[in-house]
Structure formats: C-alpha cells, structure tokens
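Here is a protein model to look at together, through a few questions and careful answers. Please keep the structure open while you read.

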Amino acid sequence: MRDTPTPGGLSMAGTTDAFREEILDLAIGPMPGWGATCARDIMATLTSDTEPFPCVFAVAAAHKGGLRFGFVDDLHDERTWSVLPDILATYLSVYQSISRDTSLVVFFGSGGGTAGQETDGVLSYEQRFWSLLSYLHDSDGEPWPSDIPTDTDDPGWEFSFRGTPIFVVCNTPAHRRLRSRSNPVFTITFQPRWVFTGLEPTSPRGAAARKIIRERLARMDEVDSTPLLGSYGDPVNREWKQYFLRDDASVADKCPFHAASGRQTAGKTAGKTAGRRPWKPPGRSRGKQGSGKRCRCGPTRPRRFTSRWSSTRNSSTRCGRTGDSTRSAGSTRPSGEPGSTAWTASS
C-alpha cells in the first residue's frame, strides 16, 4: 500500500491540525505523533482513483467513516503491547454501532517516537504477527466462543477475543511483490465476523464482491494469492492462511497459533459464569504512552462531523482528555448494509 496519491489535495509532506483532529475522532486510545501520517497514507490508498484498492468494502468503509485506528509504540518491545488488548476490547464494545463496513486498523511503531523504519524481513514480521495474536489470546479474560473450534485446522476456526470471532489481516513494509499486503508501517486489521453477514459466496453481493476483488488483485499484485483466499466454513478453506501471506503468496506449513489448552469454552463455563457481571470496556485508557497521563472514556452528545473522505456522520463515542489528545469514536450509521473491510479478504 504505497506510492498512492492523497485524496482531497492533502499534501504528503505534512499533516494539518484539522486533519489530525479528524483522525483523533477515529482513534481508540492514544495517538502518537506519527499516527496521523499512518492513517493519512491508509486513507489515501483506499480512496485512490488511479489504482482502485482490491477490497471494495474497505474502500466503502474509508469513504463512509467506518474505520477505527489504534496505535502501539514499538513492534519490537513487548512492554508496549499492553495497550493492544484494551484497544481491541474497546472497539469490540462499539463496532456494531458503527456500520457493517467497519474495521479496526492498528499501526505499530518502531520505538523512539518513529514509525515505518523497515528493519525486518517478511518472515520476521510473520513471527511478530503470530506472537501478537498469541499475546492477545493470553490477555483475554473471556472464554473461547463455544461455537468456534479451537483447532486451526478446522474450517470453522477463527481467531477470537472477548468472545467475538475476528478475521485478521497483516500488512508489512517488507511486502513488495504482494502489494496488496504492503504498507509503510506494520499494520494489523481486525474484522469481527459480523461484518461478513450477507457476503456469503452464494449471495449476489458476495459473489459480485469476490469477482471485483480478484480482478483488482490480479492488476495490483505480481503474484497470485487468490488460491488462498477461500470462504469461511468451506471444507477446504483454512482461515489462518489468509491472515498472513508471505511475499510469494505462500504460507507456513502449520498454523503457529494455538489456543490455550486450559482455556474453557463459553459453553463449558456457562454454569460457572451465570452470576458474573458481563464484561464492560475499561472506564479508563492510557494517555500518552509512558507519560502516566490518563483519559476517561464515555459517551458524549452526538455531533455532526464531515471528513474529506466520509459522508456526514454522528460520533456516538469520544474520549475526553487530560494532557494529550485521545478519542474513542463510534459513528452511528445504518447497519443494515452488509460489508467487509479486510484489505484482501474474501471470507
């Protein structure tokens, strides 16, 4: 996802204060100094007219304001990963109020207040990706969903967090030939399975979308990844193979992710948790990472907000701030239209 023009005439040389404010409205948790540039580049890629991005639903989400952004300071410092579970949990608490066209896009910096310094190869990034999923799984306080298999070799398996099955896609700076999986900054996109409702291969919209996606992938990528882009639940499909594609469109021999053997499923723990209060998103999230400042999240009165990429929408959730700017936003728009925002997903 490189070398694409920015929409609306925004200069690639800098980020205006007005633009930063727009991105803050879409951010969950603290946004570092390099964050707005990452979001700007993603939006430019998804709204490009000169090279249409393969996933038509990602394009729709970018135009309609359905994307949410999260930021982690340092991909290589696991101490900074501690914000990731809260970012994802907060998103999962509001995503259904945003739109069917929604995703959480999380950018990972390089430490020292920087991002996009390519120091790793594809295989190293692959290892980091699966380590991050394992970290999330180990940090999850909820049981694995009873209707989702824990065996990654089962066609019904999907990564799950806080009881929600989620399709996951990774993009890295090391991808060159597989340009649909390239991004200047290591990025992970999370999509609850709910967003795929109505996109089954047998549905008219699902079939049409898959056709367009494959046609655009053929024009964008130097290698063909479509044999790996199956449909969820298909007996021959394995979801994990779509999560991280190597630059030659190959995948690992076996899935590196393993659900904790001691983790009980929701069905098995239903009796034990009947009296437990349902999980709620944390009332506080960290302010500037490492600063000790905090911000208190909560609903505010809806306001009109017009983005250079999105239609006018109502922001239903924001995050007040103490010191640094951090906002958690969930826009209220009609949720009847099914869609998906995975960069190259076809599930």
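Contact means heavy atoms within 4.5 Å, while helices (H or I, at least four residues) and strands (E, at least two) are DSSP runs, numbered from the N terminus. This is a predicted model, in which local features need pLDDT of at least 70 and side-chain atom pairs count only at pLDDT 80 or more, whereas totals for chains, interfaces and linings use all residues. Residues are numbered from 1 along each chain as its sequence is written, and side-chain values use heavy atoms, with hydrogens and water left out.

Q: Which elements do the buried residues of helix 3 pack against?
A: Buried means under 20% relative accessible area, exposed over 50% and partly exposed in between, with a 1.4 Å probe and protein chains only. In helix 3 (residues 56-64), the buried residues are Phe57, Ala58, Val59, Ala60, Ala61 and Ala62. They pack against helix 2 (35-46), strand 1 (67-72) and helix 6 (204-220).

Q: Is Thr102 buried or exposed?
A: Thr102 lies in the loop between helix 4 and strand 2 (103-108). Its side chain reaches the backbone oxygen of Gly66 at 2.8 Å, although Thr102 and Gly66 are 36 residues apart in sequence. Because its relative accessibility is 0%, Thr102 counts as buried.

Q: Which residues of helix 1 and helix 2 make their contact?
A: Helix 1 (residues 17-24) packs with helix 2 at an angle of about 80°, which means that helix 1 is roughly perpendicular to helix 2. The contact is made by Phe19, Arg20 and Ile23 of helix 1, together with Ala36, Ala39 and Arg40 of helix 2.

Q: Which residues touch the most other members of the largest nonpolar core?
A: A nonpolar core is a set of buried Ala, Val, Leu, Ile, Met, Phe, Trp, Tyr and Cys residues joined through side-chain atoms within 4.5 Å. The largest nonpolar core has 86 residues, and those that touch the most other members are Phe69, Phe129, Leu133 and Phe190.

Note on methods: Polar contact = N/O pair within 3.5 Å; in protein donor to acceptor, adjacent residues only side chain to side chain. Axes fitted to C-alpha atoms, helices over the stretch in contact; angles between N-to-C directions. Parallel < 35°, antiparallel > 145°, perpendicular 65-115°, else oblique.
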